[in-house]
Amino acid sequence: MTRAVVLFTSDLRLHDHPPLRAALAAADEVVPLFVSDPGVRRAGFDAPNRRAFLSDCLADLDASLRRRGGRLVVRDGPVAREVAAVAAECGASEVHMAAPVSGYAHRREERLREALGAGGVALHVHDGTVTAVAPGRVTPAGSDHFAVFTPYFRRWSAERLRDPLPPPRSVRVPGGVRGEPLPSRDAVPGVSPDLPEGGETAGRERFLRWARSGMPAYEERHDDLGGDATSRLSPYLHFGALSAAELVVLARERGGPGAEAFVRQLCWRDFHHQVLAARPEASVRDYRSRGDRWRGEEDAAEDIAAWREGRTGYPVVDAAMRQLRHEGWMHNRARLLVASFLTKTLYVDWRIGARHFLDLLVDGDIVNNQLNWQWVAGTGTDTRPHRVLNPVVQGKRFDPRGVYVRRWVPELRDVEDARVHEPWRLPADRRARLDYPEPLIALSDGLARFKHARGRD
């Protein structure tokens with residue numbers, strides 16, 4: 001009787017799961033294993049919203065395995081120690097897992113390989129599980145990664161993806177392997193009120209609904225703040241409850257401009273993964289330094305607090321920050337706006353904004369969060385690093401009737417469309433009745449400070 005272990009990490013699903021299919025093909029019995037890593041908790045990445053969503057994902061994965069005769073084994077402790085212990089308990093000769101991306105995950109893999117090797121257990125790492133195209137699979141001449149999106153997108157689009165793998169019909173799990181109780185969302189304090197349900201089942205249902213009703217118009221509506229027309233699939237991709245490769249295949253099968261625009265967004269995700277795989281230090285340091293002397297927590301405390309709490313006096317910024325706190329999620333266009341406002345209008349270090357996002361975002365991960373913040377701050381891969389997004393102009397363009405602003409900033413509910421993005425232009429007596437703050441800073445002053453800091457006076 002041959003046995004193998006499948007270590008689930010950021011791939012909490014049964015559909016299109018190369019490590020699981022490889023383990024089932026190689027062994028008579030397989031232990032599906034998830035290890036709660038104390039290193040993640042110590043680093044502060046175990047935020048309430050993600051912990052609650054993760055609990056949903058694990059419960060759903062366990063239920064799916066049980067319908068196929070198996071179960072999910074959950075352990076708590078250092079990953080290398082726990083995986084090696086499970087392999088020894090069940091007599092496994094091999095362990096399968098998805099290829100890591102971040103520097104921390106690579107170091108964890110090295111420790112795991114060493115621990116398993118000491119017991120004569122082989123470790124098999126599978127590319128193309130977390131991303132559609134694995135980092136490093138396409139590279140430009142003379143470099144280990146693409147630093148500009150457009151040429152990457154051309155090469156990425158030409159890659160032939162594997163056919164999505166169906167879920168297994170049965171999973172035989174050996175007896176006697178000890179596991180911890182599954183975590184529960186109900187036991188997690190501080191969860192955002194409208195956090196969505198996690199898990200592969202919920203993710204697949206959401207994708208199918210949106211593919212029918214939202215994908216056809218996605219190209220023209222994806223920036224519509226009030227219309228809320230995006231897929232909202234990012235949390236499911238973050239936890240691997242959905243396969244990026246399968247979504248690309250399914251979208252291309254549907255075809256049309258909306259599907260093409262959606263695939264382009266999935267490519268952005270892969271683009272950032274290949275950047276961080278080649279430059280892991282970009283999670284904490286500027287990818288391209290501009291010599292900035294950012295303001296920090298001490299000298300910008302009041303501005304940072306106002307930004308976090310959604311009381312900057314700029315309606316679209318405040319709406320977005322309040323949505324983040326209430327839902328644990330934020331519209332992509334809004335993410336760009338609030339990041340630009342913090343870094344280029346308030347001139348605050350992008351790492352402060354990225355940390356706040358990681359504290360609340362259910363889809364917050366090192367790869368996309370940090371590199372998107374760097375893109376906006378002008379220290380990343382943007383080919384126009386000094387661009388500044390004006391929150392008034394952007395609000396009028398992407399929320400022209402103020403639907404998004406009024407949804408999240410009820411103080412402005414009765415302000416007419418023409419003034420909802422500029423309430424300071426209202427007569428003084430009306431402004432006084434709004435109970436809404438004056439702008440933290442004049443946009444022209446913020447722009448002048450940013451240009452001076454970048455030597456572009």
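## Burial and the cysteines

A residue is called buried when its relative accessible area is under 20%, exposed when that area is over 50%, and partly exposed in between, using a 1.4 Å probe and protein chains only. By this rule Cys-90 is buried, with a relative accessible area of 4%, and Cys-57 is buried as well, at 0%. A search of the whole structure for disulfides, meaning pairs of cysteine sulfur atoms within 2.5 Å, finds 0.

## The model and its domains

This is a predicted model, in which local features need pLDDT of at least 70 and side-chain atom pairs count only at pLDDT 80 or more, while totals for chains, interfaces and linings use all residues. Residues are numbered from 1 along each chain as its sequence is written, and side-chain values use heavy atoms, leaving out hydrogens and water.

An automatic or database domain assignment divides the chain into domain 1 (3-127), domain 2 (131-161 + 201-278) and domain 3 (301-454). The centres of domain 1 and domain 3, taken over C-alpha atoms, are 39 Å apart.

## Where domain 1 meets domain 3

Counting heavy atoms within 4.5 Å as a contact, 9 residues of domain 1 touch 10 residues of domain 3. Together the two domains bury about 700 Å², 57% of it on carbon and sulfur atoms; buried area here is the accessible area (1.4 Å probe) that two parts lose on being put together, summed over both. Phe-45, Asn-49 and Arg-50 supply 66% of the area that domain 1 buries against domain 3, more than any other three residues.
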